Amino acid sequence: MNAILKNFIAGEWVDGSGVTRNINPSNTNDVVGEYAKADRAQTEKAIAAAKAAFPAWSRSTPQERYDALNKISAEILSRKEELGRLLAREEGKTLPEGIGEVARAGQIFAFFAGEALRLTGEKGASVRPGLDVEITREAVGVVGMITPWNFPIAIPAWKIAPALCYGNTVVFKPAELVPGSAHALSEIIARSGLPAGVFNLVVGSGSVVGQTLLEHPDVAAISFTGSVGTGRKIAQACVLSNPMKKFQLEMGGKNPLVVLDDADVKVAVEAAANGAYFSTGQRCTASSRLIVTEGIHDTFVAALTERLKGLVVDDAVKQGTHIGPVVDANQLEQDQRYLKIGQDEGAKLAWGGELLNRETPGFYMQPALFTEATNNMRIAREEIFGPVACVIRAKNYDEALAISNDTEFGLAAGVCTTSLKYASHFKRNSEAGMVMVNLPTAGVDYHVPFGGRKGSSYGAREQGSYAREVYTTVKTAYTFPV
């Protein structure tokens with residue numbers, strides 16, 4: 001076993017108070033690495049380091065920020081195959097998906113390198129004679145970042161890059177389940193030339209590291225991606241803290257893909273298979289509700305079933321694998337539990353759901369498709385976060401739209417149709433933050449805003465230029481020339 005990989009605090013790699021073992025879900029005999037766990041005292045040191053570094057970094061020049069972020073981007077992109085393999089090995093998504101995610105992380109840092117040069121303000125005339133008014137944006141302060149396991153390098157990138165771009169300092173807590181990609185990213189950031197304390201990595205549990213970030217008065221803002229339940233607790237803690245913290249939350253989804261009678265069946269099947277099952281369905285944007293109108297229902301179900309039969313479930317890094325393993329035993333147990341819940345509710349398990357054996361021991365599960373589901377079933381209302389989707393029959397477009405909006409979530413939605421009328425109407429009337437036409441619900445460019453409505457998101461959008469709303473605060477200043 002290699003040496004225990006350390007946390008990064010105040011510009012130095014430091015030992016922790018315990019160890020997290022990173023297990024390969026494609027081969028549970030394979031330990032990807034061991035990582036130092038931070039305790040409360042170390043988290044407080046990281047916060048103190050970030051606070052001490054904030055005054056100078058928040059007043060750094062756009063060129064300094066551009067240089068650091070551009071250097072980070074260049075190294076990520078030059079190592080995308082290596083880092084993509086690490087990601088696939090620790091999280092379980094396929095090697096092409098892992099490489100693609102790493103490339104996206106590099107592109108995000110490149111985008112925000114440019115944004116560092118594009119931050120502008122406003123200057124106007126006051127309604128009072130002789131006064132000048134300036135409106136500028138300034139960094140928020142120390143930002144605590146709590147990220148999930150399903151996108152272990154892209155989601156940290158789309159939080160860390162804008163935070164640094166706008167002059168904030170960072171304390172980064174990745175998911176304990178996938179510390180490898182986070183550590184590799186942190187090593188790259190550590191080599192970028194950032195002053196000590198601007199960026200800090202603390203691997204540890206939410207109950208210790210996360211709670212310390214929430215409670216500490218020197219943390220000005222929290223950016224979180226994860227479950228709805230945890231998000232609500234974070235919101236409450238931020239409001240009750242003294243001083244109150246700014247917070248931004250990305251949470252769950254129960255995303256609909258509507259398939260209308262006039263849809264191209266091949267296009268619809270590919271959109272459904274990709275959106276619902278690729279990345280093992282472990283995406284908050286996965287289309288787990290397939291709402292299909294009566295005229296195409298049987299044809300679509302038959303075609304999708306045939307498509308699922310051809311998908312290869314195997315080791316994430318093996319060539320030819322379409323779907324890797326579920327991330328760990330707990331998630332696999334949850335997926336299997338929902339299969340029983342669906343059948344008990346009266347839905348028909350039309351295909352899949354079986355546990356699979358492969359050359360190496362892992363958390364392998366056949367993609368599962370329910371039919372004869374209704375929108376009031378738990379499998380249609382609760383986020384399963386696995387390779388499970390249900391088909392809901394609708395009489396017509398109006399009923400399909402109503403069903404698609406009948407959810408506590410509002411992250412992504414899609415429609416498959418050849419009708420410009422229905423496509424335009426759905427884009428306008430879908431109660432989701434992101435809408436796709438004839439495409440999978442999962443998959444958003446790195447330069448546009450990411451986020452949803454209702455129970456899916458709270459606060460400003462992530463990604464693109466809209467991220468400035470999370471990581472900056474607006475200042476209005478008057479001048480009376482004398």
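## A buried serine to start with

Ser-279 counts as buried because its relative accessibility is 6%; buried means under 20% relative accessible area, exposed means over 50%, and partly exposed lies in between, using a 1.4 Å probe and protein chains only. Ser-279 sits in the loop that runs between helix 9 (265–277) and strand 13 (289–293). Helices (H or I, at least four residues) and strands (E, at least two) are DSSP runs, numbered from the N terminus. Although Ser-279 is not a glycine, its phi is positive, at about 55 degrees.

Before going on, here is how to read the values. This is a predicted model, in which local features need pLDDT of at least 70 and side-chain atom pairs count only at pLDDT 80 or more, while totals for chains, interfaces and linings use all residues. Residues are numbered from 1 along each chain as its sequence is written, and side-chain values use heavy atoms, with hydrogens and water left out.

## Two pockets

Rolling a probe the size of a water molecule over the atoms shows where empty space is left. Here a pocket is found on a 1 Å grid over the protein atoms alone: it is an open set of points with protein on both sides within 12 Å along at least five of seven lines, whereas a cavity is a set of points where a 1.4 Å probe fits but cannot get out; lining residues have an atom within 4 Å of a point. Grid points are joined across faces, edges and corners, and a volume is the space filled by probe spheres set on the points.

The second largest pocket holds about 380 Å³ of space. Ser-279 turns up again here: 19 residues line this pocket, and Arg-104, Phe-151, Ser-279, Arg-283 and Gly-443 are the closest to its centre. Helix 4 (95–115) and helix 5 are the elements that give two or more residues to this lining, and helix 4 has the largest share, with 4 residues. What about the largest pocket? Its volume is about 830 Å³, and 33 residues line it, with Phe-224, Thr-225, Gly-226, Ser-227 and Thr-230 nearest its centre. The lining of the largest pocket divides into 15 nonpolar, 12 polar and 6 charged residues. In this count, Ala, Val, Leu, Ile, Met, Phe, Trp, Tyr, Cys and Pro are nonpolar, Asp, Glu, Lys and Arg are charged, and the others, Gly among them, are polar.

## The nonpolar cores

In soluble globular proteins, nonpolar side chains tend to be buried together. A nonpolar core is defined as a set of buried Ala, Val, Leu, Ile, Met, Phe, Trp, Tyr and Cys residues joined through side-chain atoms within 4.5 Å. The largest one in this model has 60 residues, and Phe-109, Phe-112, Ile-160 and Phe-199 have the most contacts inside it. Helix 5 (residues 154–165) supplies the largest share of this core, 8 residues. A second, separate core has 30 residues, including Ile-291, Leu-332, Leu-339 and Met-377.

Let's zoom in on Phe-109. Leaving aside neighbours within four places in sequence, Phe-109 is in contact with several residues, among them Leu-69, Ile-72, Ile-160 and Leu-185, where contact means heavy atoms within 4.5 Å.

## Salt bridges

How many salt bridges does the structure hold? There are 26, each being a side-chain nitrogen of Lys or Arg within 4 Å of a carboxyl oxygen of Asp or Glu. One of them pairs Glu-176 with Lys-37, whose closest N and O atoms are 3.4 Å apart. This pair links distant parts of the chain, 139 residues apart: Glu-176 is in the loop between strand 8 (169–173) and helix 6 (179–190), and Lys-37 is in strand 4 (residues 27–37). Glu-176 is partly exposed, with a relative accessible area of 27%, and Lys-37 is partly exposed too, at 26%.

Another salt bridge joins Lys-93 and Glu-101, with the closest N and O atoms 2.6 Å apart; both of these residues are buried.

## Spots in the backbone

Asn-438 is a residue other than glycine with a positive phi, near 60 degrees. Asn-438 lies in the loop between strand 19 (434–437) and strand 20, and counts as partly exposed because its relative accessible area is 31%. Finally, the peptide bond from Asn-242 to Pro-243 is cis, with omega near 0 degrees; Pro-243 is in the loop between helix 8 and strand 11 (246–250).
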